[in-house]
Amino acid sequence: MVKADMVLDVVCVHSYIGYTRLVRAANRLRAHGTAVGITFRPYEIAPAASDSPQPLMPLLERALGPYAAQQTELFTWQAARDGLELRYDLAVATGTFRAHLLIARAAEQGRAEAVVERLFRAHFGEGEHIAAEEVLRDVAEECGVDLAPYGPGALARTSPAAEELRGELHRLRHHGVPGAPVFRIAGGPVLLGVQTEHALYEAMARAAGRTAPAAP
C-alpha cells in the first residue's frame with residue numbers, strides 16, 4: 001500500500017484544492033490496482049476562532065480591506081478550475097476543532113476521505129456551520145460514520161479523543177508545520193502548499209514502483 005499524509009484544515013481553500021487533487025491522483029492509482037491509504041493530519045489556520053458562526057466576507061473585508069473581493073474572486077476562479085464551487089457569500093467563519101474530531105472518528109472507520117470532502121463542501125459550497133453538532137452528526141450519518149459507540153460525547157471538546165487531537169495539533173505546530181496544506185508521500189520529501197495532481201500522482205506512482213505518464 002502507498003501511504004500518503006496530508007495536513008489540512010477544512011476552512012482552508014488551498015487545503016480544499018489540494019485534497020481534491022490528492023484524492024483524484026490516488027483514485028487514478030487505485031484504478032490500476034494499487035492500494036493507497038491517505039492519513040489526514042489536523043491543522044487550525046485560526047486556532048483562536050470561536051465556534052460561534054459569523055459571516056465570512058465581513059471578516060475578510062476587515063482583515064484585507066479592499067483586497068478581500070479581489071482575493072476571493074481569485075480563489076473562486078482557482079477552485080473552479082478543479083471543478084469546485086466556492087460561495088463566499090454563504091460561508092461562515094468558525095473554529096474547526098470539532099470538525100477535526102469528526103475526521104478522527106471517521107478515520108477509525110475508514111470513512112475519512114468522504115467526511116473530509118463533505119466538510120469542505122458544506123463549508124465552502126453550502127454555508128453550513130461545520131462546528132455545530134447537528135451539522136457534524138448529519139455529515140457523519142451521510143458518510144456512514146457510526147458515532148453511537150462513542151456515546152453522547154462523541155464530538156465533545158472534553159474527552160480522551162479531544163485531548164489526543166490537541167496533542168496532535170500541538171505536535172504538528174511544534175515540529176514547524178507552517179500551514180496547510182502539506183503533503184508527504186510514502187515517507188518522501190515534504191511538499192508544502194498546493195501541488196498539481198500530476199506531481200502527487202507521480203510521487204505515489206514512484207512509491208508504488210510504477211512509471212507515471214507524462215504530464216498533460
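Student: Why does F124 count as buried?

Tutor: This is a predicted model, and in it F124 has a relative accessibility of 3%. Buried means under 20%, so F124 counts as buried.

Student: What makes Y16 and F124 a stacked pair?

Tutor: Y16 and F120 have their ring centres 4.7 Å apart, with 10 degrees between the planes. Rings pair if their centres lie within 6.5 Å, and planes under 30 degrees apart count as stacked, so this pair is stacked. Y16 lies in helix α1 (residues 13-31) and F120 in helix α5, so the pair ties together parts that are 104 residues apart in sequence. Now for Y16 and F124: 5.5 Å centre to centre and 20 degrees between the planes.

Student: What makes helix α4 largely enclosed?

Tutor: Of the 12 residues of α4, 9 are buried, so the rest of the structure largely encloses this helix. Among the buried ones are F97, L101, L102 and I103. The buried residues of α4 pack against β1, β2, α5, α6 and α7.

Student: Why is the count of disulfides 0?

Tutor: A disulfide needs two cysteine sulfur atoms within 2.5 Å. The sulfur of C12 has its closest cysteine sulfur in C143, 20 Å away, which is too far for a bond. The count therefore comes to 0 disulfides. C12 is buried, with a relative accessible area of 6%, and C143, at 10% relative accessibility, counts as buried as well.

Student: What makes β5 and β6 paired strands?

Tutor: Two strands pair if there are at least two bridges between them. β5 (residues 182-185) and β6 (residues 190-192) have 3 bridges, so they pair, in the antiparallel sense. Within that pairing, R184 stands opposite V190, and L192 in β6 is the bridge partner of V182. The two strands form a hairpin with 4 residues between them, and A186 in the turn has a positive phi of about 50 degrees.

Student: How do you know that β1 and β5 pair?

Tutor: They share 4 bridges, and at least two are needed, so β1 and β5 pair, again in the antiparallel sense. V7, for instance, stands opposite V182 in β5.

Student: Why does one side of β2 and of β6 lack a neighbour in the sheet?

Tutor: The sheet is open, with 4 strands in the order β2-β1-β5-β6 and mixed pairing. β2 and β6 stand at its edges with a single partner strand each, so one side of each has no neighbour in the sheet. Helix α8 (residues 197-207) packs on this sheet, touching β1, β2, β5 and β6.

Terms used:
Residues are numbered from 1 along each chain as its sequence is written. This is a predicted model: local features need pLDDT of at least 70, side-chain atom pairs count only at pLDDT 80 or more; totals for chains, interfaces and linings use all residues. Side-chain values use heavy atoms; hydrogens and water are left out. Buried means under 20% relative accessible area, exposed over 50%, partly exposed in between (1.4 Å probe, protein chains only). Contact means heavy atoms within 4.5 Å. Axes are lines fitted to C-alpha atoms, for helices over the stretch in contact, and angles run from 0 to 180 degrees between N-to-C directions. Rings of Phe, Tyr and Trp (its six-membered ring) pair if their centres lie within 6.5 Å; planes under 30 degrees apart count as stacked, over 60 as edge-to-face and the rest as tilted.
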